Amino acid sequence: MEVLNTSGRRKTSVARVYITAGQGNITINDRDIKAYFPSEVLQTIVNQPFQTLNQVGKYDVKANVKGGGVSGQAEAIRLAIAKALVAETADNRPGLKKEGFLTRDPRMVERKKFGKRKARRSFQFSKR
C-alpha cells in the first residue's frame, strides 16, 4: 500500500493526513498523539474511524493540522482519516458513512455585523 494523502476540515481547522500501512503510530505536527492531545476524549475522536472498522493498529498516520482549537483539529483529523480509508477500499464506505465520519460539519462562527455587539446580539436598549 502506498501513502494515502487526504485533507479534512472543521470550523477553521485544516488537517492534511498521510496514511501508510504500519503499527498504528499516530503523529500530529511531529508530536505523538498522546503529547498533542492529552485529553482521552480527543484521542478517541481521532481513532474513531479505525475502531468502527476494527482496524486499530493497522495504519500509521502522519497529520499536519493548523487553525482552530483542539476539538476542531481532532474532528478535522477524523474526517481526513475516514476519507483516506474510503480511498483505500470502497468497502469501508458504508460503515463510516453510517457513523457520519464522511460528512464535513459546515458549522462555523458567524461573522459580526455592524450595528450589533456580536453576530446577532444587539447593544443593551436604554429607554432613558
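Which residues does Leu 96 touch, not counting residues up to four places away in sequence? The structure is a predicted model, in which local features need pLDDT of at least 70 and side-chain atom pairs count only at pLDDT 80 or more, while totals for chains, interfaces and linings use all residues. Residues are numbered from 1 along each chain as its sequence is written, and side-chain values use heavy atoms, with hydrogens and water left out.

Leu 96 touches Pro 49, Thr 52, Leu 53, Ala 82, Leu 85, Val 86, Phe 101 and Leu 102, contact being defined as heavy atoms within 4.5 Å. Leu 96 belongs to helix 4 (residues 93-99); helices (H or I, at least four residues) and strands (E, at least two) are DSSP runs numbered from the N terminus. With a relative accessibility of 0%, Leu 96 is buried, where buried means under 20% relative accessible area, exposed over 50% and partly exposed in between (1.4 Å probe, protein chains only). Ala 82 lies 14 residues from Leu 96 in sequence, and the C-alpha to C-alpha separation of the two is 6.8 Å.

Five strands make up an open sheet of mixed pairing, in the order 1-2-5-3-4; two strands pair if DSSP finds at least two bridges between them. Strand 1 and strand 4 are the edge strands, each pairing on one side only. Helix 3 packs on this sheet and touches strand 1, strand 2, strand 3 and strand 5, its direction making about 145° with that of strand 1. Strand 1 (residues 4-10) pairs with strand 2 in the antiparallel sense over seven bridges, and Arg 10 is opposite Ser 13 in strand 2. The two strands form a hairpin with two residues between them, and Lys 11 in the turn has a positive phi of about 55°. Strand 2 and strand 5 also run antiparallel, joined by eight bridges. Across this pairing, Arg 16 stands opposite Asn 64 and Ile 19 opposite Val 61.

The largest nonpolar core contains 30 residues, and Ile 28, Phe 37, Ile 77 and Ile 81 have the most contacts inside it. Such a core is a set of buried Ala, Val, Leu, Ile, Met, Phe, Trp, Tyr and Cys residues joined through side-chain atoms within 4.5 Å. At least two core residues come from each of strand 2 (13-21), strand 3 (26-28), helix 1 (33-36), helix 2 (40-52), strand 5 (59-66) and helix 3 (70-88). Helix 3 supplies the largest share, nine residues. Beyond its neighbours within four places in sequence, Phe 37 contacts Ile 28, Leu 42, Gln 43, Val 46, Val 70, Gln 73, Ala 74 and Ile 77.

The axes of helix 2 and helix 3 come within 8 Å and cross at roughly 10°; axes are lines fitted to C-alpha atoms, for helices over the stretch in contact, and angles run from 0 to 180 degrees between N-to-C directions. The two helices are therefore roughly parallel, a class covering angles under 35 degrees. Residues of helix 2 in this contact include Leu 42, Ile 45 and Val 46, and those of helix 3 include Val 70, Ser 71 and Ala 74.

Two residues in loops have positive phi values. Asp 30, not a glycine, has a phi of about 60° and is located between strand 3 and strand 4 (31-32); Asp 30 is exposed, at 62% relative accessibility. Asn 54 has a phi near 55° and lies in the loop between helix 2 and strand 5. Its relative accessible area of 65% makes Asn 54 exposed.

Conventions
Parallel < 35°, antiparallel > 145°, perpendicular 65-115°, else oblique.
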